[in-house]
Structures are given as structure tokens and as C-alpha cells.
Amino acid sequence: MSKVKYYYDSETLSYRKIEKKKGRKLKIFALSLLGMFLSGFLLLLVYINLPSVQTPKELSLQRELNNMQLQFELLNKKIEQAQAVLAEVEDRDNNLYRVYFESNPIPDEQRKAGFGGINRYKDLEGFDNSKLIINTTRNLDILTKQIVVQSKSLDEIAKLAEEKEKLLEAIPAIQPVKNEDLTRMASGYGYRTDPFTKARKFHYGMDFTAPRGTPVYATGDGKVTRADNTATGYGNHVVIDHGYGYESLYGHLYKYNVRAGQKVKRGDIIGFVGSTGRSEAPHCHYEVFKDGERINPINFYYGSLTAEEFADILRKAQEENQSLD
């Protein structure tokens with residue numbers, strides 16, 4: 001129950017009851033509400049303009065975020081360095097290795113293919129550092145693709161190098177009879193006089209005159225496909241398949257030192273000089289085939305002759321004399 005308040009009326013010399021005026025409470029409430037609103041507004045202005053106070057956990061997360069941004073920037077620099085090194089390797093690959101091994105260079109379109117079209121980084125969008133993350137991820141993907149292409153290219157180069165080494169070992173590259181064992185180089189490739197008919201006919205090989213029993217050597221690596229005397233005119237002869245379309249034939253042998261199916265290396269003794277078959281004197285008739293066609297053996301002695309020796313044998317091979325078979 002609220003207390004009744006009185007005031008002293010000097011005119012009537014008596015105490016009179018204080019009557020509450022209508023609307024006073026409402027005025028007081030309105031003033032209070034206005035005061036609260038103004039106080040809240042002022043507090044809001046202070047909060048907006050003053051720097052925010054972060055909790056320890058927020059400070060820790062901010063440090064981690066800053067460190068992550070730094071790490072991404074460092075990673076991008078490392079990717080750029082790796083790309084520069086890889087570009088040098090790619091340049092040597094296209095302009096040195098592939099040129100040497102007669103292989104077509106790999107175009108840039110192939111090295112960097114596969115990064116257009118669809119947005120493969122959609123899941124990385126929508127974050128505060130999306131641009132940094134997407135850029136780094138894209139650069140890393142491109143670098144990875146380039147490394148894969150270059151790795152496959154180097155595997156191919158290694159295979160080409162191995163094949164080229166095998167090719168160089170296989171191609172006939174020495175004389176079938178050593179220079180010190182020769183009596184003379186009797187006849188070369190081209191038109192010669194037949195020793196039996198005396199007619200002028202094409203001689204498809206080279207004749208190396210040497211005493212009976214002189215060793216005859218394989219002129220390149222390969223596999224013996226024939227060691228018999230069933231071919232007309234050659235007598236006892238050996239045929240070696242060197243691969244890559246090359247074959248060599250050694251005719252008029254005294255005897256064999258290999259058998260059909262046997263693998264031989266350049267310089268292996270495959271037989272001995274004789275005069276079997278259609279032959280006038282002991283010698284080795286030597287032929288070279290490329291893709292089934294006879295070619296001049298004079299072009300295949302770079303592995304055993306000096307420049308002077310080659311010039312001498314070339315001069316003798318060009319003399320149109322009488323062959324021995």
C-alpha cells in the first residue's frame with residue numbers, strides 16, 4: 001500500500017493531501033526509455049570506433065592464419081623456381097636430346113594440356129583466402145603435369161639411347177678379314193669381269209683375298225640365320241641378321257665356326273677363309289643387305305680402318321678388275 005503524502009497550506013494553516021497528477025508516470029517512463037536508448041546508442045558508437053578486443057583463442061587462430069598465408073606464399077615461390085628449372089630441362093629435351101635421337105619435340109600444348117574447360121577448383125571457392133589457395137593449387141597441378149610429361153619423355157629418350165646403342169653395335173662396321181691377314185683386296189662392288197665367263201657383270205659384294213684358314217669375323221652383332229652351302233655359288237657361307245633391316249653374308253668359307261640360330265658379337269670368329277662354291281682362289285666374298293637390297297659394303301668399315309686405310313681400300317675397290325667369284 002503506497003504512502004499518502006501531505007503538504008502544509010499556509011493560507012488555510014492546515015495540512016492538505018498531495019494529489020498525483022495524471023500522466024506523470026507516463027512521462028517518467030518515457031524519459032527513462034529515452035535515456036536507455038541514448039545510452040545504448042552511445043555505447044554502440046564507442047564499440048564501432050574502438051578496436052575490438054580479441055580473446056586468446058582468436059589471437060591464436062589469427063596467428064595460424066597469418067602463418068598459413070606466409071607458407072602459401074613461400075610455396076608459390078618454390079613452385080616458380082621448380083618451373084624455371086623444369087623449363088630448362090624441357091628446352092634441352094626438345095632441342096638437344098630429341099634432335100640427337102631424331103625424335104620429334106614435344107609441343108607446349110601437350111606439356112600443359114588438360115587445364116582448361118571445367119572449373120576443377122570450385123570446392124576451394126568461398127573462403128577468405130580462396131584466391132591464394134586456388135592459385136597455388138593450380139600452379140602445383142600444372143607443375144605436376146609437366147613433370148609427368150617430362151618423366152615419360154626421358155623414359156622415351158633412354159629407350160631411344162638404348163636402341164641407338166644397339167643399332168650402332170648391330171650395323172656392320174668392320175672388315176670381315178683383318179688388314180694384316182689380307183693378301184690383297186681383290187675386287188669391289190660394281191661391274192667386274194667374271195673369272196669363268198670373262199663377261200662383264202655386276203659384282204654385288206667385296207672379295208678379300210687371304211690364305212686358306214684365315215679367320216673371318218662377324219662385322220656386327222646379330223643372329224646367324226644360315227651356316228650352310230645350299231645357296232648357289234656361295235659354297236660354305238654364313239648369313240647374319242643384324243636387325244634394323246641389316247644382314248651380312250660371308251661366302252666361300254673353308255669351314256664354319258658358328259651354327260644357325262647362334263647369337264654373335266662384332267669381332268667373333270664365324271668361319272675361315274676358303275674357296276668353296278663358285279670361286280677361283282681362297283677369299284671371303286662379303287655382302288651387306290639393307291631391307292633385302294644389296295648395298296655397297298665399302299660404306300661400313302668405319303669401325304676398323306683409319307682415314308688413310310679407308311682411302312686406300314676405296315681406291316682399290318673402285319678398280320674395275322676381275323672378281324674371284
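Tyr 244 is partly exposed, with a relative accessible area of 36%, where partly exposed denotes the range between buried (under 20% relative accessible area) and exposed (over 50%), computed with a 1.4 Å probe on protein chains only. Tyr 244 is placed in the loop between E9 and E10, and it has a positive phi of about 60° although it is not a glycine. Most residues other than glycine have a negative phi. The structure is a predicted model, in which local features need pLDDT of at least 70 and side-chain atom pairs count only at pLDDT 80 or more, while totals for chains, interfaces and linings use all residues. Residues are numbered from 1 along each chain as its sequence is written, and side-chain values use heavy atoms, with hydrogens and water left out.

The strands on either side of this turn, E9 and E10, form a hairpin with two residues between them; strands (E, at least two residues) and helices (H or I, at least four residues) are DSSP runs numbered from the N terminus. Strand E9 (residues 237-243) is mostly covered, since five of its seven residues are buried. Five bridges join E9 to strand E10 (residues 246-251), and the two run antiparallel, with Asp 241 having Glu 247 in E10 as its bridge partner; two strands are taken to pair if DSSP finds at least two bridges between them. Strand E8 (residues 222-228) is likewise joined to E9 by five bridges in an antiparallel arrangement, and Val 239 in E9 is the bridge partner of Arg 226.

The structure holds one aromatic pair. It is formed by Tyr 250 and Tyr 286, and is tilted, with 5.3 Å centre to centre and 40° between the planes; rings of Phe, Tyr and Trp (its six-membered ring) pair if their centres lie within 6.5 Å, and planes under 30 degrees apart count as stacked, over 60 as edge-to-face and the rest as tilted. Because Tyr 250 lies in strand E10 and Tyr 286 in strand E14, the pair ties together parts that are 36 residues apart in sequence. Tyr 250 is buried at a relative accessible area of 0%, and Tyr 286 also counts as buried, at 0% relative accessibility.

Strand E14 (residues 283-290) also contains His 283, which is buried with a relative accessible area of 0%. Lys 290 lies over the face of Tyr 246, at 5.1 Å from the ring centre; a charge sits over a ring if NZ of Lys or CZ of Arg is within 6 Å of the ring centre and within 35 degrees of the ring normal. In the loop between E14 and strand E15 (293-295) lies Asp 291, which has a positive phi of about 55° although it is not a glycine and which counts as exposed at 57% relative accessibility.

A further three strands form an open sheet in the order E7-E13-E11, with antiparallel pairing. Strand E7 (215-217) and strand E11 (253-256) stand at the edges, each with a single partner strand, so one side of each is left without a neighbour in the sheet. Three bridges join E11 to strand E13 (residues 269-273), which run antiparallel, and Leu 253 stands opposite Val 273 in E13. The charged end of Lys 255 sits over the ring of Phe 272, at 5.6 Å from its centre.
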